[in-house]
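I opened the model to look up a few local features. My notes follow, one topic per entry.

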Amino acid sequence: MELLTSIHICIAIGILACFLLRETFKPKDQKWRLSGPRYKLPPGPEGTPIFGNLFQFLNARRPGGFVPYLSSMRQHGEMATLHLGSQTWILLNSRRVASDLINKQGKITTERPYMPVVSGLISNGKRTVIRQTAGWTEGRRVMHHLLSGSALRVYGDWQESESLPLLLSYLEQPERWYFHNFRYSTTVLYRLVMGGKLEKTKAELDDYQQITMEFVQNIGRSMIDFFPEMDKLPQVLKLWRPYWQKMGEHHRAVFQQWWDPIYAAVCNKTAKPSFVRDTLLHPDVKYKGNEEEAMYLATSVIAAGGDNTRMTLNTFIMAMVSNPTVFARARADIDAICYGDTIRLPGLSDFTHLPYVSAIIKEVLRWRPTVPIVPPHQLTEDLHYGSYLFPKGVSFVLNTIAISQEYDEGECFKPERWLDGNEDNIVHDLWAFGGGRRICVGYKVAQQALFVAITRMIFCFDMSPNGPLDTRNLNHITVDEPFPIQMKIRSPAHEALILKESAQATKTEAN
Ligand code: HEM
């Protein structure tokens with residue numbers, strides 16, 4: 001009888017332990033509760049016990065799989081629920097719900113979920129784009145300067161002058177067009193953030209691009225980030241730690257290499273005008289972070305801005321070679337103001353006269369969104385929305401792929417859809433830059449950088465496919481040529497113009 005009781009106790013303890021373990025790793029909306037309202041979430045694909053939709057999701061992240069997967073979420077409606085380990089993601093598939101939840105409810109949908117690997121180990125908890133609100137607010141206050149009109153005018157001059165080496169390298173080495181796009185995007189951001197010329201070797205540049213891609217690719221990839229409770233285990237059991245920690249140390253070392261010279265220059269008062277010198281470390285701004293945080297902030301801005309601009313320029317080229325009539329119309333518009341008895345390069349002063357080019361930029365970002373899903377916006381209070389009740393802790397995730405297909409003839413590249421009087425406002429009705437309080441802080445800088453490069457490329461170069469193209473395969477994650485393109489200078493007059501402008505700029509700089 002006594003033996004029987006002990007067995008019963010053991011079984012009961014075993015069952016209780018399994019129950020507790022299972023409850024610990026369940027998403028909040030599925031946890032067992034004695035009281036309180038019943039949560040109700042939008043439909044979503046069927047999942048498996050414990051892991052939910054995690055394996056489908058990770059599987060879809062393989063090359064070529066992610067866009068179709070994100071696009072398939074539209075079948076569940078304007079929102080789709082994914083249970084990913086202990087995390088719940090609500091994919092936002094329409095502009096209406098995106099606006100309601102990310103913009104109008106911004107006060108309670110600004111947090112980022114805790115991700116032990118990607119924000120902790122890889123980023124030392126300091127990369128602004130995925131930093132939790134408590135540590136993020138101060139950096140955001142300072143970064144807001146990037147959106148101010150007076151700063152943008154200064155940045156505009158730099159963007160125009162950095163576009164000259166871009167045109168010159170297209171002329172001299174057209175086959176390396178993708179590298180020139182990368183260099184232009186990074187140079188513009190470097191000058192803006194750190195000041196002065198970017199004098200890095202190809203290896204150093206590749207290293208920087210590599211770590212940026214590595215970081216982006218690992219957002220939403222590690223199992224541990226979907227079961228963040230595992231981070232509470234004793235250190236000796238965290239077998240995944242050394243691998244990610246080593247990666248994080250490498251990223252930090254690369255950032256340090258880029259940061260040290262500018263920090264030293266600011267301290268000894270030899271730094272050139274820049275965001276770091278004139279804003280971040282300027283005594284009037286009273287930045288409250290420490291040096292390490294300042295380093296991560298500055299280098300995160302370069303990485304976030306540079307790589308997204310690079311990818312968008314590549315997408316632009318794909319859009320142009322596959323839509324020659326759009327290219328011809330844009331060129332005719334530019335020619336009308338820059339090419340007649342005299343010839344000159346288009347620039348930011350032409351912005352208001354070239355609405356079709358502004359529309360092209362918006363359409364590039366809609367047609368093939370540079371950021372297919374925006375990092376999660378986590379809910380910090382229970383929320384009733386429509387017939388649903390969302391628990392605190394779920395994450396709203398902008399599914400820009402699904403949103404892009406919501407437009408009329410979504411698969412077609414039609415810049416004219418944006419000619420509605422708001423084409424110059426790049427975030428009007430477009431979710432490519434995220435939204436709410438976390439909206440990309442560099443969207444105006446990006447718009448200017450894209451406008452300068454795009455008008456000048458259309459004006460000066462003919463572009464065509466140099467092999468078979470698949471407009472769905474942009475092959476962004478590579479330092480080599482992503483797809484085959486042939487670039488050719490348009491005419492001797494355009495070649496002479498580039499050479500003249502470049503020589504002039506070199507002379508001015510030398511004086
Ligand atoms: C076409 C180019 C770009 C695209 C598509 C893009 C897209 C995005 C997206 C989707 C986010 C997240 C927004 C959210 O969570 O709702 C973001 C954040 C951010 N972007 Fe951009 N971006 C671009 C260019 C730039 C540029 C040029 C800069 C710098 C001047 C920049 C700096 C940042 C920073 C610092 C953040 C994090 C903001 C924060 O932590 O509050 N981005 N961007």
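**Entry 1: the sheet**

I began with strand E6, where Leu-92 has Leu-398 as its bridge partner. Leu-91 is bridged to Val-397 of E6. Before going on I noted that this is a predicted model, in which local features need pLDDT of at least 70, side-chain atom pairs count only at pLDDT 80 or more, and totals for chains, interfaces and linings use all residues. Residues are numbered from 1 along each chain as its sequence is written, and side-chain values use heavy atoms, with hydrogens and water left out.

Helices (H or I, at least four residues) and strands (E, at least two) are DSSP runs, numbered from the N terminus. Two strands pair if DSSP finds at least two bridges between them. Strand E2 (residues 87-92) pairs with strand E6 (residues 395-398) in the parallel sense, over four bridges. E3 pairs with E6 in the antiparallel sense, over two bridges, and His-377 has Phe-396 of E6 as its bridge partner.

I then wrote down the strand order, which is E1-E2-E6-E3 in an open sheet of four strands with mixed pairing. Strand E1 (79-84) and strand E3 (377-378) are the edge strands, each pairing on one side only.

Which way do the side chains of E6 point? Ser-395 and Val-397 point one way and Phe-396 and Leu-398 the other way, and all are buried. Here buried means under 20% relative accessible area, exposed over 50%, and partly exposed in between (1.4 Å probe, protein chains only).

**Entry 2: helix H4**

In helix H4 (residues 95-104) I found Val-97, Ala-98, Asp-100, Leu-101 and Ile-102 buried. Their cover includes E1, E2, E3, strand E4 (383-385), E6 and H16. Contact means heavy atoms within 4.5 Å.

Cys-440 sits in the loop between helix H16 (400-404) and helix H17 (443-460). Cys-440 counts as partly exposed because its relative accessibility is 29%. UniProt, in an unreviewed entry, places the feature "binding site" at Cys-440; its positions are given in the numbering used here, feature names are shortened, and annotations may be inferred rather than shown by experiment.

**Entry 3: H11 against H13**

The axes of helix H11 (residues 241-267) and helix H13 (residues 291-322) come within 10 Å and cross at roughly 100 degrees. H11 is therefore roughly perpendicular to H13. Axes are lines fitted to C-alpha atoms, for helices over the stretch in contact, and angles run from 0 to 180 degrees between N-to-C directions. Angles under 35 degrees count as roughly parallel, over 145 as roughly antiparallel, 65 to 115 as roughly perpendicular and the rest as oblique.

I listed the residues that meet: Arg-252, Phe-255, Gln-256, Trp-259 and Tyr-263 from H11, with Glu-291, Glu-292, Ala-294, Met-295, Tyr-296, Ala-298 and Thr-299 from H13.

**Entry 4: a positive phi**

Lys-269 is not a glycine, yet has a positive phi of about 65 degrees. Lys-269 lies in the loop between H11 and helix H12 (275-280). With a relative accessible area of 76%, Lys-269 is exposed.
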